[in-house]
Amino acid sequence: MNIDFANLKIAYQEHKEEFDEAISNVVSSAGYIMGPNVLDLESKLQEYIGSKYAISCSSGTDALLLAMMALNIQPGDEIITTPFTFIATAETIAFLGAKPVFVDIDEASFNIDVTKIEEKITNKTKAIVPVSLYGQVADMDEINGIASKYKLPVIEDAAQSFGAKYKKKKSCNLTTIGCTSFFPAKPLGCFGDGGAVFTNNKVLADKMASLRLHGQTKRYHHQYIGMGGRLDALQAAVLNVKMKYYDNDVLRRQNVAEMYTDLLKGSDIKTPEISDYKTSVWAQYSIRVKNRDEVQTKLKENGIPTAVHYPVPLHLQECFKYLGYKKGDFPIAETISTEIMSLPMNPYLTKKEVTYVCNQLKN
Ligand SMILES: *Cc1c(COP(=O)(O)O)cnc(C)c1O
């Protein structure tokens with residue numbers, strides 16, 4: 001059996017006619033930048049998430065940049081985040097000259113350990129950036145509680161958790177600003193790069209909308225130093241099709257995750273834990289194994305692709321050497337990074353395929 005990790009080809013084939021028509025309409029209209037598809041998508045996103053404002057942009061990375069720029073993050077500012085995430089979370093902090101201040105993770109959820117945040121707050125701290133890793137929201141009530149005590153904004157890196165629920169509210173609408181990504185392999189992916197920011201604050205919304213258009217307030221009048229951060233009309237057209245089916249895609253992912261968890265019960269493989277008051281959109285289904293290299297090799301030989309999200313925690317990345325962290329600073333993130341392994345996850349996996357993967361894992 002040969003199993004596909006994200007199965008982006010089926011994702012296209014499943015609604016091929018609709019995608020082809022949507023793309024062809026953009027191309028023949030020659031309206032490639034902004035326009036009706038982008039506006040339509042933004043209203044769909046806003047309605048789906050339930051925030052007051054949704055602003056599309058060029059990627060999840062640029063969404064983080066827009067959020068931090070809107071909050072006026074300056075060189076020398078400190079921003080608290082997790083070391084167990086994709087590089088973009090901390091890279092954008094450093095890109096603005098600010099300093100990522102890492103906090104170890106919680107072993108059950110792989111998200112930032114909320115009991116260790118407060119001790120890292122100084123008079124230079126300007127924001128907290130939790131990541132909702134693998135599709136499950138971080139402990140947002142606790143994080144928001146600490147943030148309001150110190151009057152800090154919170155930016156949710158929701159690149160992997162678009163639409164996940166937290167106590168009946170949706171990821172992206174839980175903090176000052178929520179940032180997501182439409183990179184093809186994310187739960188809601190387009191056919192290239194894309195992203196969005198969400199907020200309930202009109203001032204921040206207006207500023208982010210302007211920042212993504214070179215800081216302009218009207219054509220060729222620039223109030224801020226901004227960026228070229230728009231979402232392509234083509235990608236918006238693709239996402240307008242995908243949004244129709246997103247809830248069903250999430251249900252199918254959740255079903256696949258349930259099958260994995262059931263079938264792996266009783267083995268010595270550690271499966272993911274989701275809190276009662278949260279749902280996951282399963283950007284990844286990541287298990288913990290002690291002999292990861294061996295397991296990956298064996299699965300690969302049997303037609304099962306796997307991936308490691310992420311093999312090196314950010315405090316040990318070469319680009320962050322200047323921050324002065326060392327091995328041992330965040331023991332949980334370090335241990336998890338040696339054991340974590342993502343299994344194939346997409347809406348199209350069949351019971352037969354999931355059973356096959358689990359049997360290979362257990363033997
Ligand atoms: C994918 C991802 C990003 C960046 O999104 P892009 O659209 O690829 O720029 C940021 N943070 C996390 C946690 C991600 O998984």
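1. Ground rules. Residues are numbered from 1 along each chain as its sequence is written, and side-chain values use heavy atoms, without hydrogens or water. In this predicted model, local features need pLDDT of at least 70, side-chain atom pairs count only at pLDDT 80 or more, and totals for chains, interfaces and linings use all residues.

2. The shell. There are 16 residues around the ligand. A residue is near a molecule if one of its heavy atoms lies within 4 Å of it. Gly 60, Thr 61, Asp 157, Ser 181 and Lys 186 come nearest. By class, the shell has 6 nonpolar, 8 polar and 2 charged residues. Gly counts as polar here, and Asp, Glu, Lys and Arg count as charged.

3. Helices at the site. Helix H4 (60-70) and helix H5 (88-95) each supply at least two shell residues. Helices are DSSP runs (H or I, at least four residues), numbered from the N terminus.

4. An N or O atom of Thr 61 is 2.4 Å from a ligand oxygen. For Lys 186 the distance is 2.7 Å. For Gln 160 it is 2.8 Å. The protein buries 93% of the 380 Å² that the ligand exposes when taken alone. These areas come from the Shrake-Rupley method with a 1.4 Å probe.

5. A bent helix. Where is the kink in helix H8 centred? It is centred on Tyr 245, and the kink is about 55°. The bend is the angle between axes fitted to the seven residues ending at a residue and the seven starting there. H8 spans residues 233-264. Just after H8, Gly 266 takes a positive phi of about 85°.

Notes. A polar contact is a pair of N or O atoms within 3.5 Å; within protein, one must be able to donate a hydrogen and the other to accept it, and residues adjacent in sequence count only if both atoms are side-chain atoms.
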